[in-house]
Amino acid sequence: MYETPIVTSDIYYVGVNDRQKSKFENMIPLTRGVSYNSFLIIDNKTALIDTVDVSFGLLFVHKILSVLNGRTLDYLIINHMEPDHSGAIGLLRKYFPEMIIVGNSKTLSMVEGFHREVGNCLEVKENDVLSLGKHNLQFFLIPMVHWPETMATYDKTSHVLFSGDAFGSFGTLDGAILDSQMNEKRFWNEMIRYYANIVGKYGSPVQKALDKIEPLQIDFLCSTHGPVWTEHIDKVFEIYENMANFRAEEGVVIVYGTMYGNTEQMAEAVAQGVANAGVKHVLVYNVSSADASIILRDIYKYNGLIVGSPTYNNELYPEIEALLRKLEIRGVRNRIFGYFGSYSWASAAVKRIKDFAEKMDITVAQTVVEQKHALNIENYQKCVLLGEEVGQKVRELSK
Ligand code: FEO
């Protein structure tokens, strides 16, 4: 056996690091990879919590066989069916034909859909308890965190919560698994980036899940991605409470599109205004060159947002349009919002952003700047004023 127990004396980490995939869900850059976490409980009965991406299937099976040390796998508990966690189900079924797949009704129907057959299975409902001997596992349904079948599994004996995607982050586990054994700081921003891009649309279900989970005594918080949290569980919950309710820290994100630099010059002036107001976190992003997942992360992180766009084909600059659509889908709220735009012969961008702002639950700055052709001195000053107005409002909101 080469795996060591990492949570309690009989709960083993059997997950894997993915340092090969460059984009999560084929969209989101993985600058430092991602882990697919899976845990194996050795008791009178053995139980595996979640699987991994199928491309790591053989390595995964070898880890499980090593820990089982000649025993069989009795239960496979599926908290979440997205293929980064369910991909190896079919392979495990071949190694362990008697294995009982444990999931709720939605899970089992997805197992059939993705893997053609379920085989031996046990359907569980909210609060049901499965005893492995010493360990008693209780199931909590947490739908839409972030698929409808998602559930969390709570080990009442060891006070371990296996939470699915909830509380996860990008980033591989470089040696240590527990937060107490590593410098965990690099994971905080990656947790927010993960939430903003993957789970962000589901703030209300996340809050419901938190209400269900927080009364539990949790000594180990085991997400499907990132560290096992033990020292910093309170901080993890606080971050999630804030993100689910769109509470953010003081700061302003300025995102702009530009073709020939005119709208960019407006963004520079706006940034000066925000800084004049005393805001220290000012993040200026060219939407065409910045990583979209980081822009979204920072929009979740900070309470001010200013968007600028040139008019393009009588519409918004396409990448700004895509960003605004993402914000609309996620229902981003509780933000101070400002906007500006430019055009060459027909004005459209500013009107489109205004239409967006009217649909959202955000506080919109009175100052709006629209520039025809290159930035003139009058509109330069107005851009500074826009930045100052948003900066002042952001500071008031943060008090
Ligand atoms: Fe990590 Fe929703 O899958």
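**Exercise 1.** Work out how strand 11 and strand 12 are joined, and in which direction they run.

Solution. Start with the link: three bridges connect strand 11 to strand 12 (residues 136-141), and the two run antiparallel. Strands here are DSSP runs of E, at least two residues, and helices are runs of H or I, at least four residues, both numbered from the N terminus; two strands pair if DSSP finds at least two bridges between them. Now zoom out: the open sheet has six strands in the order 11-12-13-14-15-16, with mixed pairing. Its edges are strand 11 (129-131) and strand 16 (228-229), each pairing on one side only.

A word on the model: it's predicted, so local features need pLDDT of at least 70 and side-chain atom pairs pLDDT 80 or more, while totals for chains, interfaces and linings use all residues. Residues count from 1 along each chain as its sequence is written, and side-chain values use heavy atoms, leaving out hydrogens and water.

**Exercise 2.** Is E190 buried or exposed, and what does its side chain touch?

Solution. First place E190: helix 5 (residues 186-199). Next, its relative accessible area is 11%, so E190 is buried (under 20%; exposed is over 50%, partly exposed in between; 1.4 Å probe, protein chains only). Finally, its side chain makes a polar contact with the side chain of R193 at 2.8 Å (N or O atoms within 3.5 Å, one able to donate a hydrogen and the other to accept it; residues adjacent in sequence count only if both atoms are side-chain atoms).
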